[in-house]
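Dear colleague,

Please find the structure for your review below. My notes on the contacts between its chains, and on one surface feature, follow.

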Amino acid sequence: MTDTPETKPFEPTIIGFTCNWCSYRAADMAGTARMKYAPNVRLIRLMCSGRLDPTFVLKAFAGGADAVLISGCHPGDCHYINQNYKALRRFLLMKRVLAQMGIQPERLKLLWASAAEGAIFTREINEFVEQVRALGPLNWNTTAIEVHAEKEEVPA
Amino acid sequence: MSKPKFAMYWAASCGGCEIAVLNIHEKILDVDAAFEVVFWPVAMDAKYKDVEAMQDGEITLCLFNGGMRNDENEHIAKLLRRKSKIMVAFGSCACEGCIPGLANFRPIKELVDTAFSTISTDNPENIRPQTSYSMPEGAITIPTLNPMLKTLDQVVDVDYYMPGCPPESHQIAAVVDLVIAALNGKAELPPKGATIGAGNSTVCDECQRKRNVKLIKEFGRIQFTEADPELCLLEQGIPCNGIATRSGCNARCPSVGAQCIGCYGPAEGVVDYGARLIAGFASVIDSDDPVEIDKILDGLVDPAGQFYRFNLAGSLLRASKSAQKG
Amino acid sequence: MDKKEKIGVYVCHCGTNIAGVVNVGEVSTWAAENLKNDGVVIARDYKFMCSSLGQELIQKDIKEQGLTRVVVAACSPHLHEATFRNACKGGGLNPYLCELVSIREQDSWVHTDKIAATEKAKAILSGGVSRVIHHEPLEPLHVPIHPATLVVGGGIAGIQAALEIANAGFPVYLVEREPSIGGHMAQFDKTFPTLDCSACILTPKMVDAGNHPNITLLTYSEVEKVDGYVGNFVATIRKRARSVNEADCTGCGICWEKCPKKVVDNVFEAGMGYRKAVYVSFPQAVPKYPVIDRENCTYYIKGTCKACEKFCPTNAINFAQEDEILNVQVGNIILATGYDLFDSRRITQYGYGRLANVFTSLEFERMSNAAGPTGGNIVLRDGKTVPKVVGIVHCVGSRDKNYNEYCSAICCMQSLKFAHLVEERTGAEVYNFYIDIRTPGKGYEEFYHRLLEEGTHFIRGKVAEISDAARLPAEEGKLIMQVEDTLTANQLRVPVDMVILSAGLEPRHDAKEVANRFGISCSADGWLIERHPKLDPVATVTEGIYIAGCVQGPKDIPNSVAQGAAAAARILGKIQQKEVALEPIRATIHEEQCSGCRICNNMCPFNAILFHEDKMVSEVNPALCQGCGTCVAACPAGAISGTGFSNEQILSQINGLLLLNIPKKEVVA
Amino acid sequence: MKEYAYFPGCSLEKMASSYHKSSIETAKKLGIKLKELEDWNCCGATTYFYIDELLAYTLCARNLAIAEKTGLDVVAPCSACYKNMYFTAAHLKKDVDLAEHINFALEEDDLHFNGTVGVKHLIEVFANDIGPEELKNKVTNPLEGIRVAPYYGCQIVRPQKDKEDVEQPMFFEEMISAIGATPVNYPLKMRCCGGSLIISSRTAALGMVRNLLQSAVDAQATVVATACPMCQVNLEVYQQQVNQEFGTNFAVPIMYFTQLIGLSLEIPQKKLGIGQEFIAMAPALRQVIKG
Amino acid sequence: MTDTITFNQEISNLLYAAEGEPIKTCIQCGTCSGTCPVAPYMDHSPRQIIAMINQGMKEQVLESNTFWYCASCYHCTVRCPQDINITELMYALKRYSIWKGQHQEGLIGPTFSEAFVKMIVRGGRSFEPVLAPSYIFSFGMRELVLEVVGATELLLKGRLPIMPARIKRLDNFKRMIGRIIPMGGLE
């Protein structure tokens, strides 16, 4: 099902949501420590993994992302006491819905990373990128989304 | 001077919308008084060529119901769009796909197979309809199915949306009044793109049931639950879509003890209806333990079906992967 | 959006930090061409955007080009968001209309492939541009600060904090669980490295705290509940019944003299000594009023005795006294609840509790204390024999995955102190068994050298086991400490008379409940989490709640005092401002859209969401809201919006990030 | 009556036949049926892990698979067998690839390991399934005044399986008290006897035996009780050599806990395999036992 | 990522099935060596061996008798503050040294183990007398005498088997082992 030319391997695009306190700082830490990871992940900073609206995930997939990463503080370490558990509940329900929509649940990853875990963050991202590369492109049919192209002009 | 022209058309839909319109009782006379009905296949005989013959924008008000299932639907949608000043996506099918939109879960081939080769179908040679068939008299053609069902606004530009499966008659009546008043310069039409004939909040807003903070340890199906008639259904573990479904129906279902199934679609400004339900239902789960949470979630049989029953075609994802591949 | 925004884009080289990997020139020209439709009117790249010149560049463009939005692609927002917001402010643009996206920490520093990194930079930038369009001008929130402060925990950290604030002229409530303030420090004999007597330096502070007009001392009390938010907390405090009327009591001491009931003192004397059923924790206790311990008092058990009452010259004894519940209003709170000592029984192979002459550090502190159970004589359990050889075990329960993984920080110095005291008082030979000697503190290393000169033996090796299994005549009747001297790789069996276990520090057994009660969080270890491990060590993520001393992690006295003072300073600053400015990242519920379904009601751990039964709608209290956005994501009606992180902002950012993919995908489709 | 798949292990066939006999007899008397595992093979001992871990796992897996057929949990009287089989089961349950590989091998013998079987040491069964209370009630001839040194050895408690006390367990003592004898508290009850070294590193092993016996003697033990053939043989058969080596004169009877329990239940000595030992039963003990 | 795999990695790989933390996390506290009942007889204490492995001192490690002297009593393992599975490490070293055929001269351990394993592979069960030759010759005269005395006494007490033990389905058993390592791998 690969639509990308054989010449270069498929490079997945991954949208990552990080919380302001732990995982985003973990990413910062990976940077400050000059750790290296695959350039396929593009991060969006939220204040807390609890802010993660399922709409964001659907939007990312519909918009052409091959996978989505959700990351927050370790359970018990949430800077808002326990909001990451709420993210966990949504995550588990979302996986089920995505599966029914034909999006392999492996394309949605939940990662707990503390501000000190730049190394873990790096490793996990690399693993995830490999995992998604193995799954191949998602190619969500976005033609339908550029609807306005097809639309007829309304009379003045 | 001649009366403003009125049209109503059904694409992929069940006809319930037409009945709902007739259900406005004597108000239908006002419609007749105020409008000249030029095109309404269910109610009167009319030919496409009559419409084609009209001036662009000649029809003042077009209530279009049904989704875009085949090329004929799309053709007429585009035609009526051209001929109409006000194009209203009328009813859940036109607005968000509705039940016909559920087809977007499966590849179109499977659907056809189900339709033409299930035990209930007498089709020994296992024939499939051809889009065109030549006979001595000439070729007969029938419309080609789209791989995915689309909503009206995915094909043409829509002025107003009127949700509901079908829209509540009292809402239709209200809208009719409004349009008539507007035509006589006695009222302002709402801004283009607005949802009319419905509220901005959700069903809970109109629901009379008592409600507290919701902490669910188990989801149950309504047919297996002895529900408290006074208390919020979701609070009792019954997956009621009322929390996310647009108000306007006076909480018809919950008020008679049935869970809301979401025919009025998302509330004002919501991007994806299902996402709201995912968030809402996940939020009432009373557990932090992944294993237990999964156990609780097992109580929601077919979550996608539950969340996108009326909204799949209008949702962000629009159709399952297999349906997209056709 | 009806009116088109004018967006300025600034790509930073950060010297070679970014430009070394990302082709910044290409990025800015790309933005200028491809993001026109989003409203980008100007795109520049510059060596150091954070420099004053870089900032002026932005301000100039705001003025001359009439920019309405600014996007800076540089380092992490955690580093320079404030800088560029202020730059915009200086340029006359609302600071919140600026967006800083990170192409350093998240791009140039973590990638090597220049092309990929440059592409990623474009994506990140376009994400920022799409996002900034939906930014709204915001103003920080201001809430008034109540001048009073609640200090929980009357150890040295709490006392220090209380005094600092009280001396500055503001009221303080100092709450202590035990009958007297003083904490662990009051139990110690000497303090390292200077060896001055603990009581001599602590008692004056305790007395000051006790007499201070601005300090309300609430001992034998506990905080049960905290409501409200920074500037306006209301704390519910249970003042347990002392069975003594403080107004009448003179602390003369006759009651505990006459009390016939002896009780083993497991708290202050660490089980080494006794107290009466009516008692003060120790002679210098503050306040001086005793308490009757109802579990052990004969009257409460049998209904007779009342000796204390009979003899009390001022009739201060009041058996009928009941717990009091007080509600105090405060603007800020300091948690200084301290630590518990690691229970050495858990390490069975060290034999504590089984082998009589194995002591814990706290037991030894009491033993070496002149006011302690042995009058300061260092003797074996029999109470008379003076040890000739003493072994001190470091890292007991610390640096050990089987117990606590962290280093307890104070054990090395404490052990050195013990070694010195033992040699000084008994002339015994002392063996220190250590893994590493850690003496990071003023005068600490010098103290270590002093011990080396005094001839203390240092054996580098974690003690494997302590037994009474004599193998050689020389081992008869001794405790044998089996250990590898890792420096010579010999397995040693060291016979000693006394073993001191330098037990580590643990979070209070109820640390988690306390944390929850005050709405802050614990680390996996159980220590309370500070706002920033380096740059904000005494604040917590909950505005107005601070931590000081061992509650935040193992600490010695100087550091605890420093933190107490630091927390006080932070609070004084707040009080002086009269009001506090809060980041305007808040959730708002739109009443007309809220259906009152109450889904959001259990989403907020800060109780910021209240439900109005009358109007059947929920509402967010902006001062309580911490801005996590969980309720925003949860609302099924989409009736809650979150400033700074609105749906529009995030969704458009997603679009922006994926901008480069769309063509690729269209080919596919 | 509770039933177990009983895995005697090689040494119980001959070297420790008295352990075999006494186990069967006492268990029966206490209402526990030990059904010998059909066509069992060597557990691989510790030695086997020296050569090939995979092979060692396979050997244990075969026994476990045979047991699974019977639907009974395995009980082993030998600590080494017990430890090997327990951890093999644990590892195979965790490591699916390993399990797959080994099941492939097991096919040759029409066997398959599913991970349903539990593994217990005989002394666990006595301590938990019967328990000191019930044992006490069944005892007809309490061994009053006999000072017994409980020797746990290594692999019953170590490596740690769950959160159990690996430094100072007490279940052995409780059992000894239950049969009316006095458990002596001696510091080396958990210390290794060097059994696995007796061949390969004789001097080291003898030194360890010496320390152990010394410690027991210092605590005035009349007899040392073991729960492992390796330990028993090591401590008993090599006492002579220890005496030679270190000029000591130990003559400490080393008995299986099952033999002591058997005596307290008045099972005839013959049935308990008494008479095969190197060091004659302590006179003190002779006096208290009837028959 | 270096192409040449270090000694540490080699050993770590052999520990694949073992629980516990990687040996590189050792803090050299000496608990293992302090605990070890055999340590006094070892060339290097367990702690030293770990240090040596981490230093890549392959030759010296293989030359050491340490791991052959490990009685696998697991005492170090349960006490290690870093959760390193030291006993399994010793097993790994034994396997490695046999695999490489590289070990200290005059050790009985290696030969004995191989003899033992061959025996099991042949018979499926242990049969003590078979083992004697694998070590007896390395004994001094006095030990030899004692050993014989001990053995005869065992025999008299009916505690030594005369006939080697065999399992019934020996063929299956051998084929089973064949699937793990090609037969003759040890023969």
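This is a predicted model: local features need pLDDT of at least 70, side-chain atom pairs count only at pLDDT 80 or more; totals for chains, interfaces and linings use all residues.

**Chains D and E**

At this interface, 74 residues of chain D are in contact with 62 residues of chain E. The size of an interface is often expressed as the accessible area lost when the parts come together. For chains D and E the buried area is about 6,300 Å², and carbon and sulfur atoms contribute 59% of it.

The rule finds 7 salt bridges across the interface of chain D and chain E. One of them joins the side chains of Glu107(D) and Arg179(E), at 2.9 Å from N to O.

Which helices of chain D each supply at least two residues of the side that touches chain E? They are H1 (10-13), H3 (45-51), H4 (53-70), H5 (79-94), H6 (96-106), H9 (202-218), H10 (229-237) and H11 (239-246). The largest contribution to this side of chain D is that of H4(D), with 8 residues. Sorted by class, the side of chain D that touches chain E comprises 32 nonpolar, 22 polar and 20 charged residues.

**Chains C and D**

Chain D also touches chain C: 10 residues of chain C are in contact with 9 residues of chain D. About 710 Å² is buried between chain C and chain D, with 45% of that area on carbon and sulfur atoms.

There is 1 salt bridge between chain C and chain D. It is formed by the side chains of Arg191(D) and Glu465(C), with an N to O distance of 2.4 Å. The rule likewise finds 1 residue pair in polar contact across the interface of chain C and chain D, both residues being at pLDDT 80 or more. On the side of chain C that touches chain D, the residues divide into 2 nonpolar, 4 polar and 4 charged.

**Chain B**

How far apart are the closest C-alpha atoms of chain B and chain D? They lie 18 Å apart, and no contact joins the two chains. Chain B does not touch chain E either, the nearest C-alpha atoms of that pair being 24 Å apart.

On the surface of chain B, Tyr133(B), Met135(B) and Ile140(B) form a nonpolar patch. Together these residues have about 290 Å² of accessible area. Tyr133(B) belongs to strand E6 of chain B, which covers residues 132-135.

With kind regards

Technical notes: Residues are numbered from 1 along each chain as its sequence is written. Chains are lettered from A and ligands numbered from 1 in the order in which they are written. Side-chain values use heavy atoms; hydrogens and water are left out. Patches are made of residues with over 30% relative accessible area and no salt bridge: like charges are joined within 9 Å, nonpolar side chains (Val, Leu, Ile, Met, Phe, Trp, Tyr) within 5 Å. Accessible areas come from the Shrake-Rupley method with a 1.4 Å probe; for residues, only the protein chains shown count as cover. A salt bridge is a side-chain nitrogen of Lys or Arg within 4 Å of a carboxyl oxygen of Asp or Glu. Helices (H or I, at least four residues) and strands (E, at least two) are DSSP runs, numbered from the N terminus. Contact means heavy atoms within 4.5 Å. Buried area is the accessible area (1.4 Å probe) that two parts lose on being put together, summed over both. A polar contact is a pair of N or O atoms within 3.5 Å; within protein, one must be able to donate a hydrogen and the other to accept it, and residues adjacent in sequence count only if both atoms are side-chain atoms. Ala, Val, Leu, Ile, Met, Phe, Trp, Tyr, Cys and Pro count as nonpolar, Asp, Glu, Lys and Arg as charged, and the others, Gly among them, as polar.
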